[in-house]
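Me: Could you walk me through this one? I'd like to start with the loops and then move on to the rest.

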Amino acid sequence: MAILMGISQERIVVAIAAGLFVLFSIVLPGFLDAGNLLSLIQNVSILGILGVGMAIAIIGRGIDLSILSTMPVSVAWLLNLVNGGFPIWLAFLCALAFVVAVGIVNGVLIAYVEIPAIFATLAMGIVVYGFGKSLLVPIEAVYVTGGESWFYSIGSGRVLGVPTPVIVFALVAAAAWLFLRYLKPGRFIYGMGDNPAAARITGLPVRPMIVLQYVLTSIIALVAGIVMATALAGINTRLALSTMVYDVILVVVLGGIGLSGGKGGIRNVVVGTILIGILLNGMTIMNLTYTIQSILKSVILLLAIVVDTLLNPRDEQTAQHGDI
Amino acid sequence: MRGLKLLKALAAGGALLASVGAAMSEPYDDGQSKTYYESMKGKKVAFVPLSMGFDLTEGWNAGLQNQAKALGYTVDVRDPNWNVEAGVQAANGFIADEPDVLILHPLDQQAYNRIVPKAMSAGINVIQVNLKSVTNGDAYVGADWYDLGLKQAEAIVKACGEGSGKNGKIAIVTGQAATPTIVIGNQAFEDVFAEHPEIQVVARQSADFDPAKAQAITSTVLKQNPDLCGILGVWDGQDTGTAAAIREANMQDQIYFVSSGGGSKSAACDNIENGSFDAYVSYDVPGQARDLNAAVKILLQTAPEPGSAPFALYTPLKILTKDNLTPSSCWTLEDMKAFGG
């Protein structure tokens, strides 16, 4: 244990990522190509953006399983409104209001009604999907028809040769990093994630902070959704039923953000995302089947959780209410 | 007495008029039409789709509702939302209600293997639409997935194979590996490529019917194979992701991309027009809705002993390219809702 405590998970992941990188560069022709490396990051940038949102929730000792419903439903509604003749800014405001509302409901359920985050957001995800499917978006696959070209280029353009999803990922990560590190509410999130009871005693507004935390996560989900929709020329609300939420948890936990809260930062998400990117890219080049890829990914998630449990052991102080 | 006679005469006249009037309000019968309408009235049809909310099922339902309304029967829908268990439950619930016809849109080949015989032994005629259980019902309406695979593979052979002057290098981006569409379609691909050894499949990946995965996979495949000639996709919903990757790599002129699907305007024709899809095999949902209505009406009129006279209506497939596209090549849900299938 003592040896384990000396190494941070982030370093382990960086080492594994570096190892795989070197291995693939030697073994797989074309891997080290600059184009491939850019597309490697681009392919996981949506995952990375969602990971940043999830990281904020997890650092505050919560989790948000509803982002995989919030993301497609809000963006599909946005596209529906635009296709129905709404100006883009108004449709965007509607979608923004929707995700903020989802975040507030999540936060209130967790902070004031004191439902454990995992159950509140799990249920909320189903509510959002059902509500969206029955009232907002009757057809699950919504396409970007026409649309203004600047909007389209959010997900499918290039700036100085760098694909825009990568840039959006970098911007979201940078904003979240600045928020968590230099802004008071950001520091509060660490404080209450580390020890909610102590945070409350020292006078932090824990309940409003929890609401803020889920609103932020929801807004980041909207950003990820817009990138996805403009990259793929459409979005499918069925994503809510997919297992992508586990991929998001994977990049967060893998990077070394402890599920018990208060630990880690945005750098961990970036590291976790890049490792998954290298892995997926390498497995696709090797032409491995989808099932094998899923098994490998799941085994890695399991290993990450085991390492997380060893490095961040539960004790009386951390294993309080709200701990997942 | 005279008054009574007059009254009788009036009554008789009235009766005569009434009977003439009744005869006038009788609908015209050409010898079949009367029984046709009578056999439909008040009947119950039940429909368990794979999930509502996507172009195929919404289109079929619009067609079904339209005819049901016109002919006086009902079509009830229970939406299992992509869930096998919910689908089985919905079907069992319907069987207890004893509809005249049960329409099933199975999630996979095994999902309704017990439901189909159970419904038939309860005296309910069963139609399966677009996907088939291993167990046959009274009718199958939908695509022949093998034929669809053949048409897709032939399209790519024409673009990349012998005589095209191209290198024959192609990639296949399929959906969930175990679904009949993919299993049967892949068989067809293999059979066509066996006769065309010049076709070289350099990558075969499954994107799980998810456009985001399709995009990620395709962009990697394109980086690995910059001289790729063509890609086979399997369903327009997923294939928009593949198309996005091709567009992004600026390889739209080089890659011949073959897709397939139900032929709705936004998924098919728009993408053919803007160059995302080079060829598209459409199973034409309005046509399928019409076939589905035909199967329902045949069963309601003939009410055969379940399983005694099974039949299939395989959908005539349309191959759409930029060159043969017409305003009526695709459909919109608004049109389907307004005019039926």
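**Loops, disulfides and cores**

Reply: Asn287(A) sits in the loop between helix H14 (266-285) and helix H15 (290-311) of chain A, where helices (H or I, at least four residues) and strands (E, at least two) are DSSP runs numbered from the N terminus. This is a predicted model, in which local features need pLDDT of at least 70 and side-chain atom pairs count only at pLDDT 80 or more, while totals for chains, interfaces and linings use all residues. Residues are numbered from 1 along each chain as its sequence is written, chains are lettered from A and ligands numbered from 1 in the order in which they are written, and side-chain values use heavy atoms, with hydrogens and water left out.

Me: What is phi of Asn287(A) near?

Reply: Phi of Asn287(A) is near 65 degrees, which is a positive value in a residue other than glycine. Asn287(A) is also partly exposed, with a relative accessible area of 30%; here buried means under 20% relative accessible area, exposed over 50%, and partly exposed in between (1.4 Å probe, protein chains only).

Me: And over in chain B, where is Asn81(B) found?

Reply: Asn81(B) is found in the loop between S2 and helix H4 (84-97) of chain B. Its phi is positive as well, about 50 degrees, although Asn81(B) is not a glycine, and at 23% relative accessibility Asn81(B) counts as partly exposed.

Me: Switching to sulfur: how many disulfides does the structure hold?

Reply: Over all chains the structure holds two disulfides, a disulfide being a pair of cysteine sulfur atoms within 2.5 Å. One joins Cys160(B) to Cys229(B), with an S to S distance of 2.1 Å. That pair links distant parts of the chain, 69 residues apart, with Cys160(B) in helix H6 (residues 145-160) of chain B and Cys229(B) in the loop between helix H8 (211-224) and strand S8 (230-232) of chain B. Cys160(B) is buried at a relative accessible area of 1%, and Cys229(B) is buried at 3%.

Me: Is the disulfide of Cys160(B) and Cys229(B) left-handed or right-handed, and why?

Reply: The torsion about the S-S bond of Cys160(B) and Cys229(B) is about -90 degrees, so this disulfide is left-handed.

Me: What about Cys269(B) and Cys330(B), how far apart are their sulfur atoms?

Reply: Cys269(B) and Cys330(B) form a disulfide with their sulfur atoms 1.9 Å apart. Cys269(B) lies in helix H10 (residues 265-273) of chain B, and Cys330(B) in the loop between strand S12 (318-321) and helix H12 (333-339) of chain B, so the pair ties together parts that are 61 residues apart in sequence. The torsion about the S-S bond of Cys269(B) and Cys330(B) is about 85 degrees, so the disulfide is right-handed, and both Cys269(B) and Cys330(B) are buried. With bonded cysteines counted along the chain, the disulfides of chain B follow the pattern 1-2, 3-4.

Me: Now the cores. Which residues of the largest nonpolar core touch the most other members?

Reply: Of its 102 residues, Leu50(A), Val52(A), Met54(A), Leu68(A), Leu79(A) and Met228(A) touch the most other members; a nonpolar core is a set of buried Ala, Val, Leu, Ile, Met, Phe, Trp, Tyr and Cys residues joined through side-chain atoms within 4.5 Å. The largest share of this core, 15 residues, comes from helix H12 (residues 206-232) of chain A. Apart from it lies another core, of 58 residues, including Leu50(B), Leu56(B), Leu107(B) and Val281(B).
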